Amino acid sequence: MSIVEASISVPAEHETNVFGQFDQHIKKMERALNITVVNRDGVLKIIGGETAVNKARKIFEQLIELSKHGNIIQEQNVDYAIALSYEDKEEALSAIDQDTICHTINGKPIKPKTLGQKQYVDAIRKKMIVFGIGPAGTGKTYLAMAMAIQAFKNDEVGRIILTRPAIEAGEKLGFLPGDLQSKIDPYLRPLYDALYQIMGPESFAKNMEKGLIEVAPLAYMRGRTLDNAFIILDEAQNTTPAQMKMFLTRIGFGSKVIITGDKTQKDLPSSAASGLDVAMKVLKKVDGISFCELTSKDVVRHPLVQKIVQAYEEYEKKAVQKKTDRTVKSKTKTSTGTTRRKS
């Protein structure tokens with residue numbers, strides 16, 4: 001393998017952001033791509049195999065563009081850029097960054113950070129009903145919330161309705177102090193947190209009083225028709241098939257519906273079917289409905305979360321394989337025993 005060199009200039013004001021604290025981003029790139037990077041007065045010299053050097057150069061170009069757009073380069077950005085480089089999609093990083101949904105109350109832009117998230121956001125714009133399915137940390141609920149608030153601000157919908165199943169709405173909730181609202185608030189807290197961050201507590205409270213924003217358990221949806229609303233059903237993996245059917249048939253004219261869930265984190269009894277699983281089978285060919293499946297690659301929390309998700313995915317695959325192998329062995333033994341008895 002021939003060794004080549006490539007150079008790239010990094011503007012002085014972006015050096016710290018692109019290189020990372022103690023050059024941690026550079027070190028990560030060196031380990032991942034098996035290259036050597038030498039930094040001299042803002043000029044990076046990249047040394048290694050031709051393919052790896054080209055990948056590294058493109059990644060640095062993308063990170064510089066991100067920095068120029070005002071982004072703080074984090075470890076997740078570098079990890080994702082490296083992952084994209086193996087698919088020859090490095091240029092996608094800056095293209096994703098140009099899609100700003102809205103801003104938080106502190107002025108921080110909310111935008112998709114991965115190709116999976118970009119496809120999810122685009123589907124929400126185009127389709128009436130979107131299922132966002134994926135592991136923890138992929139931004140399913142947060143991005144849906146941002147899209148809902150933006151649609152509300154643009155007068156595309158008249159109200160926002162947020163709901164999720166409170167599957168312990170029986171005797172366990174009865175032991176919690178306070179009235180019914182106090183009992184269900186802990187289940188709805190993640191939705192409140194996102195609303196506070198994007199809208200601000202004052203704006204949220206004002207719209208809540210007017211009935212323009214509603215946060216309620218799924219059971220409250222029965223018997224209603226929801227027109228001109230942006231509706232988000234969170235934690236859909238914990239719905240029963242009957243609850244999911246009830247929810248989907250509440251949708252009225254001028255409404256948009258986002259259903260989010262993680263198939264690996266069900267709190268239903270082991271014998272109960274998930275409404276999300278059933279809906280994916282029943283509705284997969286229905287026009288106007290989009291299913292967006294996010295993966296561990298789309299996790300945008302701490303990089304350790306991505307590793308945890310991947311570890312569980314591998315563990316569950318092995319468990320399923322072992323179960324399949326045991327079933328096959330059992331059937332083989334049964335078949336062999338029956339054959340011997342006949343003979």
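**Helix and sheet packing**

Author: Helix α2 (residues 24-33) and helix α3 (residues 50-68) pack at an angle of about 150°, and their axes lie 10 Å apart. Axes here are lines fitted to C-alpha atoms, for helices over the stretch in contact, and angles run from 0 to 180 degrees between N-to-C directions. Helices (H or I, at least four residues) and strands (E, at least two) are DSSP runs, numbered from the N terminus. This is a predicted model, in which local features need pLDDT of at least 70, side-chain atom pairs count only at pLDDT 80 or more, and totals for chains, interfaces and linings use all residues. Residues are numbered from 1 along each chain as its sequence is written, and side-chain values use heavy atoms, with hydrogens and water left out.

α2 and α3 are therefore roughly antiparallel to each other; angles under 35 degrees count as roughly parallel, over 145 as roughly antiparallel, 65 to 115 as roughly perpendicular and the rest as oblique. α2 passes α3 in a right-handed crossing. A crossing is left-handed if the near helix is turned anticlockwise from the far one by less than a right angle, and right-handed if clockwise. On the α2 side, Ile26, Met29 and Leu33 meet Ala52, Lys55, Ala56, Ile59 and Phe60 of α3, where contact means heavy atoms within 4.5 Å. Sorted by class, the contact of α2 with α3 has seven nonpolar, no polar and one charged residues. In this scheme Ala, Val, Leu, Ile, Met, Phe, Trp, Tyr, Cys and Pro count as nonpolar, Asp, Glu, Lys and Arg as charged, and the others, Gly among them, as polar.

α3 also packs against helix α4 (residues 75-85), at an angle of about 140° and with the axes 10 Å apart. α3 and α4 are therefore oblique to each other. Their crossing is right-handed. Lys55, Ile59, Leu63 and Leu66 in α3 meet Asn77, Val78, Ala81, Ile82 and Ser85 in α4. By class, this contact of α3 with α4 has six nonpolar, two polar and one charged residues.

A salt bridge is a side-chain nitrogen of Lys or Arg within 4 Å of a carboxyl oxygen of Asp or Glu. Glu61 and Arg57 are four residues apart in α3, about one turn of the helix. A search of the whole structure finds 16 salt bridges.

The next element to consider is a sheet. Strands of a sheet pair through backbone hydrogen bonds, either parallel or antiparallel. An open sheet of three strands has the order β1-β3-β2, with antiparallel pairing. β1 (3-9) and β2 stand at the edges, each with a single partner strand, so one side of each is left without a neighbour in the sheet. Neighbouring strands of this sheet are turned by 20° against each other on average, direction ignored. α3 packs on the sheet, touching β1, β2 and β3, and its direction makes about 150° with that of β3.

Strand β2 (residues 36-40) and strand β3 (residues 43-49) pair in the antiparallel sense over five bridges; two strands pair if DSSP finds at least two bridges between them. Thr36 stands opposite Ile47 in β3, and Val37 stands opposite Ile46 in β3. β2 and β3 form a hairpin with two residues between them, and Asp41 in the turn has a positive phi of about 55°.

A further open sheet, of six strands, has the order β8-β7-β9-β10-β6-β11, with parallel pairing. Its edges are β8 (213-217) and β11 (289-293), each with a single partner strand, so one side of each is left without a neighbour in the sheet. Neighbouring strands of this sheet are turned by 15° against each other on average, direction ignored. α7 packs on the sheet, touching β6, β7 (159-164), β9 (229-233) and β10, and its direction makes about 170° with that of β9. Strand β6 (residues 129-133) pairs with strand β10 (residues 256-261) in the parallel sense over five bridges, and Ile133 stands opposite Gly261 in β10. Helix α12 (residues 275-282) lies across β6, β10 and β11, running at about 125° to β6.
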